Amino acid sequence: MRKHVVANWKMNGSSLLVDQIVDRLSSSSFDVDVTLCVPFPYLVQVRSRVADHPIGVGAQDCDERESGAYTGQVSVAMLDEVGCDLVILGHSERREYFAETNIIVSRKIKVALAAGLRVVLCVGEALKQRDEGSEKAFIAEQLSVLNGLTDLSCVSIAYEPIWAIGTGRTAELSQIAEMHGFIKSVVNVPVLYGGSVKSSNVASIVSVQDVDGVLVGGASLVPEEFVNLCRNAG
């Protein structure tokens, strides 16, 4: 199976950076699948720029409702119309800063899959759960949002230990292997690792058993760094 590199730009980027990243990616070749998850305003630009290249386009969120008087929200139909392949759901920042619960995440997953989008469901424990030894129970509860779904062929999991996101601290390879193995024992889908992934550590991360790719934050905003990361991931 080819590894999957998913770039999560979060609330960063510009039209110029889109051009720079796509130009570098499209002029390089990799043995991995690459998807760019950019802020909503840049989705059309990315789709237009990658039309002739095998680069996926993803969103970082969607609303759980199909349409209506919900000012500022974006529906899955809108994402589909502008050419999105994938949507990231349940990211820890959405849970922390926007009070997203498992119930809300579950609803979003269902509407996204119904619209034909692929879903990357984010799960991950804080340092508190890790220190208490309750990280697996916590992750299992987050994975429960998939209960009742009969077709998971368009679902991937991104395991991001919250204590390793944007901190420069990466989980030990043994910790990554243990948690990825646990997640696959609960739900048999591809599992990506996220949390301070860089070009310098990605090769060792993707070599770990049960790691099917990576979810990349800050490193995906630097053209040369991201290209090297994609190359090393392959």
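View 1. L86 is buried, with a relative accessible area of 1%; here buried means under 20% relative accessible area, exposed means over 50%, and partly exposed lies in between, using a 1.4 Å probe and protein chains only. This is a predicted model, in which local features need pLDDT of at least 70 and side-chain atom pairs count only at pLDDT 80 or more, while totals for chains, interfaces and linings use all residues. Residues are numbered from 1 along each chain as its sequence is written, and side-chain values use heavy atoms, with hydrogens and water left out. You will find L86 in strand β4, residues 86-89; strands (E, at least two residues) and helices (H or I, at least four) are DSSP runs numbered from the N terminus. Leaving aside residues up to four places away in sequence, L86 touches H4, T35, C37, V57, G58, A59, L117, R118 and V120, where a contact means heavy atoms within 4.5 Å. For a sense of distance, look across to F182: the C-alpha atoms of L86 and F182 are 24 Å apart in space, and the two residues are 96 apart in sequence.

View 2. R118 belongs to strand β5, residues 118-123. Its relative accessible area is 32%, so R118 is partly exposed. Not counting residues up to four places away in sequence, R118 touches H4, T35, D85, L86, V87 and C154.

**View 3. Two nonpolar cores.** A nonpolar core is a set of buried Ala, Val, Leu, Ile, Met, Phe, Trp, Tyr and Cys residues joined through side-chain atoms within 4.5 Å. The largest one has 66 residues, and L25, L36, I157 and I183 have the most contacts inside it. Apart from that core lies another, of nine residues, among them C37, L86, A158 and L192.

**View 4. Two loop residues with positive phi.** Most residues other than glycine have a negative phi. A99 has a positive phi, near 55 degrees, and sits in the loop between α4 (92-97) and α5 (102-114). With 56% relative accessibility, A99 counts as exposed. D210 also has a positive phi, near 75 degrees, and its loop runs between α9 (202-206) and β8 (213-216). D210 is partly exposed, at a relative accessible area of 27%.

**View 5. Stepping back to the chain around these close-ups.** The protein chain has 10 helices and eight strands, and its C-alpha trace spans about 45 × 45 × 30 Å along its principal axes. Of its 234 residues, 49% count as buried. Among contacts between residues at least 6 apart in sequence, 71% join residues at least 24 apart. The chain carries 20 positive and 28 negative side chains, and the centres of the two sets lie 1 Å apart. In that count Lys and Arg are positive and Asp and Glu negative, with His and the chain ends not counted; each charge is placed at NZ of Lys, CZ of Arg, CG of Asp or CD of Glu.
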